[in-house]
Structures are given as C-alpha cells and as structure tokens.
Amino acid sequence: MRLDSVLSACFVLTWSSGFVGAALGTAHSGAWTLLAWRFWIVAALLGGWWLLRRRHALPRRAVAVHTVVGVLSQGVYLAGVVWSAELGVPAGLAALVAALQPLATAVLSRPLLGEQTTGPQWAGLAAGLAGVALVVGDDVTGPAAAPTLAYALPFLAMAGLVAGTFVERRAGASARLPVADSLVIQGVASAAVFTVVAGTTGGLTVPAEGGFWFAVTWVVVLSTFGGYGSYWLVVRRRSVNHAATLLYLTPPTTMLAGFALFGDTITLTGLTGLAVCAAAVTWVLRAPAPRPRPARAMSEPGAMMAECSSTTSSPPRHDSRPPDPATPRPPSSPTS
C-alpha cells in the first residue's frame, strides 16, 4: 500500500510537470517543434536502452495495440493540449475540460471493464470537478481570444487519453507488456506522428536557445518517463478510476508550480479549490468499494429448492463404510 501511495504522489507531480514544460518550451518555439524534439529524444533513449538491455521478440498484436495506445494517449492528448494553448485557449479552460476525464472514465469503466462506482464516489467526483473549477475560475472567465473550433481541442485531448487507456486495459493478456516495453512502442509511435505533423507545418528546425533545450529535458525526463510511466503503473496496480481520480490534483499542483517558478498569483479562491480537490480525491479513494454481485441469487425459490433437493448437497456420514463385496445387497425398497 505504501508503494501505491508513492506511485500516486509521483504521478500527480510528474503529470503536472507537463503543463509547466509546455509553457517553458513554447516560449522559445512552436508547439509542434517542441513535441517533435521531445519524442525524438524519447524514442532514441528508450529505443537504445531497449536494444542494449531488453532486446527480445515482441508479439505482433502487442506491438499493434501499444502503437494505437501511444497515438491516442500521447499523440492525440498532447496535440490537443499544446495546440489549443498555441491557438489561445486559456489553460484554465483546458484544465477544466481535462477534469471531466474522471467522470467519463467512471461512466465507461463499468460497461467496458466491470469497475463499478458507488454513490459516495460519484459525490466525490462531482466535488472534485467543483474544486478544479475554483482553481481555474479566474482563467476560464477571461476574454476569449481563440478561434471557436480551438475550444474543441481540449475535449479531443481528453477523449484521446480516455480511449488509449481503455484500449490498453481491454487488450487482454496476449497484448500485455511490461511498462518499459510498452513505453518504447508508444514513444516511437508518437515520434512518428509528430514528425509528420512538424514536417508539414515547418516545425523541424533546430532551435538554438538554451531555454528550449531545458524545456525539452524537462518534458522528456519528468513528463514522459515520470508522468506516463507512473500513469500506467498506477492503472495496472490499482484501477483506471483510481488513476483518473488523481488527475483532479494536477490543476492545483500546477497552480503551486506556477507560483514557485513563474511568480503567478494564488488567490483565496484558488486555495479553496485546492482544499476541495484534496478532500474530494481522498473521499473517492477511501470510499468503500462496491460489493461484488453474487454468482447466484439464493433468494430465488428455484435455486433454494435445487440446493435442498440436490443429492450431493449433504456430505457423507463419517461412520459410513462401503458394503462388503462378499455380502449381497438387499433389493431397494420402492418407497425409499
């Protein structure tokens, strides 16, 4: 349990670092340049390590599944987040849309994965969304500066991460890989996607500013290795709903990081939202798990009669002995 707590804290901190890294990187280059260089380095480091230390045959189905997972959870998600920011969508609004993911995950996890959400957990998820709204409220109510269609990009990003997570969970044992192997495939797939996008938009230049390379190092080490690595570990060790609920803590954590790194102002409303988010996440994660449904309802008369009349429902007597084979058995009585 202590390891799970450490992983959860690591996930919140490193996932939140992605928003900081995006702000650092896009101050020196375009979004597609940052994403392309990020995943070129990720693919080179992970691919080189894998070839030296873990080189072995991978099932074709697993490679195909994790390619799709990488395109959805990294390619679509990061493209939606970073591109919307470049077009002028307020970061607070994007964070508020991302905060819908725990609710979307809870709705879909029951039919797709069999994970149920109790009434108290639903109440906690709603409170978490309200807390995020308090944290980002000032940013959301600012003037609209982005094109209308740009506001659909945060929804696309959220849908990509949700879809990628469910594809990975539904793939089955034949496509299940260690996190290290899956990250290699996902990183290479994302590098291919962003190479194509950056190439078509003229974003394959090599920036000379040192600040850009600091930002790339930040998002490679913290956001990719730390953020996505801990995300998949939390999903596998706990549940999809557990990982999604922790996302409520990323806007408050990003708010604190903005104050520490960029001197952003923290308002009383933001601090109130932070407290609400923390309380809501604690409530959801500590709420009693739903009781599993019994395999057979014993309250049904037919089931009870079947149990009572079964010839195998009562164990044999301990003093019963098999008949002597030399002694003939008497004929059975018609009324027995």
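Modeller: Leaving aside neighbours within four places in sequence, Gly 75 is in contact with Gly 70, Ser 190 and Phe 194. Contact means heavy atoms within 4.5 Å. Gly 75 lies in helix 3 (residues 60-86). Helices are DSSP runs (H or I, at least four residues), numbered from the N terminus. Gly 75 has 4% relative accessibility, so it counts as buried. The cut-offs are under 20% relative accessible area for buried, over 50% for exposed and partly exposed in between, with a 1.4 Å probe and protein chains only. Gly 75 and Gly 187 are 112 residues apart in sequence, yet 9.4 Å apart in space, C-alpha to C-alpha.

How far can you trust this? The model is predicted: local features need pLDDT of at least 70, side-chain atom pairs count only at pLDDT 80 or more, and totals for chains, interfaces and linings use all residues. Residues are numbered from 1 along each chain as its sequence is written, and side-chain values use heavy atoms, with hydrogens and water left out. pLDDT is the predictor's confidence in each residue, from 0 to 100. The chain averages 84, and 84% of the residues score at least 70.

Two stretches call for caution. Over residues 295-320 pLDDT stays under 50, and the model has eight contacts for them beyond four places in sequence.

Conventions:
Helix = DSSP H or I, 4+ residues; strand = E, 2+ residues; numbered from the N terminus.
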